[in-house]
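Hello,

Here is the structure for you to look through.

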Amino acid sequence: EELVEEEKIEESEEIPIIQPSAQRLCQIESGVSPERNKIIINELAWMGTAESSDNEWIELKNGSRAEISLADWQILNPDEKIKIIFREGGSVLPAAFYLLERTNDQTLPGLAADKIYTGALKNDGDSLYLFDENCQLQDYVLAFSGWPFGDNNSKRTMERRPGFDWQTSANPGGTPKTENSAGFYESFFSG
């Protein structure tokens with residue numbers, strides 16, 4: 001009888017198996033300033049391409065001097081129609097670009113996507129938030145009342161300028177995986 005009681009005690013002291021939970025989404029909080037010391041959102045084709053308005057793409061850029069792993073980073077918009085979680089990681093070399101194409105790798109023929117995502121950007125404005133693996137806000141693009149730059153008709157993308165402000169690309173189709181343009185400026189001549 002004593003042996004049976006000891007076995008019962010050992011069984012009840014088993015260590016429970018804890019299943020890993022799904023990664024939680026980072027929280028979008030107003031009033032929080034982005035760090036912008038690692039990876040930034042560098043260019044957006046919120047309007048798609050000349051071939052299709054569905055051919056949206058997002059370009060990230062590593063502004064640091066170190067290779068950055070994107071494992072567990074997230075890109076979210078407020079209504080979570082865009083919810084990109086970098087579960088398997090990937091990394092970005094210093095001063096290098098990381099290209100995300102919507103739906104498939106045919107968005108930009110001749111350029112390989114680093115990641116495929118789902119969800120669409122609203123042409124009348126949206127916002128994107130980039131979080132690191134600790135849910136620290138690294139960058140954002142706020143466009144609640146419409147995209148301030150880029151052009152739907154000419155398919156000129158919205159791209160970053162030095163100093164983190166934005167401009168419309170000088171190049172229809174943008175500058176995916178290359179340095180951004182000097183910017184598009186319309187000149188008006190009176191005649």
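Below is what was found, starting with the ground rules.

This is a predicted model, with local features requiring pLDDT of at least 70, side-chain atom pairs counting only at pLDDT 80 or more, and totals for chains, interfaces and linings using all residues. Numbering runs from 1 along each chain as its sequence is written, and side-chain values use heavy atoms, with hydrogens and water left out.

Sheet first. Six strands make an open, mixed sheet, in the order β8-β7-β2-β1-β11-β12. (Strands are DSSP runs of E, at least two residues, numbered from the N terminus; two of them pair if DSSP finds at least two bridges between them.) β8 (115–117) and β12 (166–172) are the edges, each pairing on one side only. From one strand to the next, the twist averages 25° (axes are lines fitted to C-alpha atoms; angles run from 0 to 180 degrees between N-to-C directions). β1 and β2 pair antiparallel over six bridges. Ala45 has Trp57 in β2 as its bridge partner.

Now the core. The largest nonpolar core holds 30 residues. (Such a core is a set of buried Ala, Val, Leu, Ile, Met, Phe, Trp, Tyr and Cys residues joined through side-chain atoms within 4.5 Å; buried means under 20% relative accessible area with a 1.4 Å probe, protein chains only.) Ile41, Leu44, Ile58, Leu60, Phe86 and Leu100 have the most contacts inside it. β1 (39–45), β2 (57–62), β7 (97–102) and β9 (127–131) each give two or more residues to this core. β1 gives the largest share, four residues.

Another core lies apart from it, with seven residues, including Cys26, Ile85, Tyr129 and Phe131.

Best wishes

Conventions:
Buried means under 20% relative accessible area, exposed over 50%, partly exposed in between (1.4 Å probe, protein chains only).
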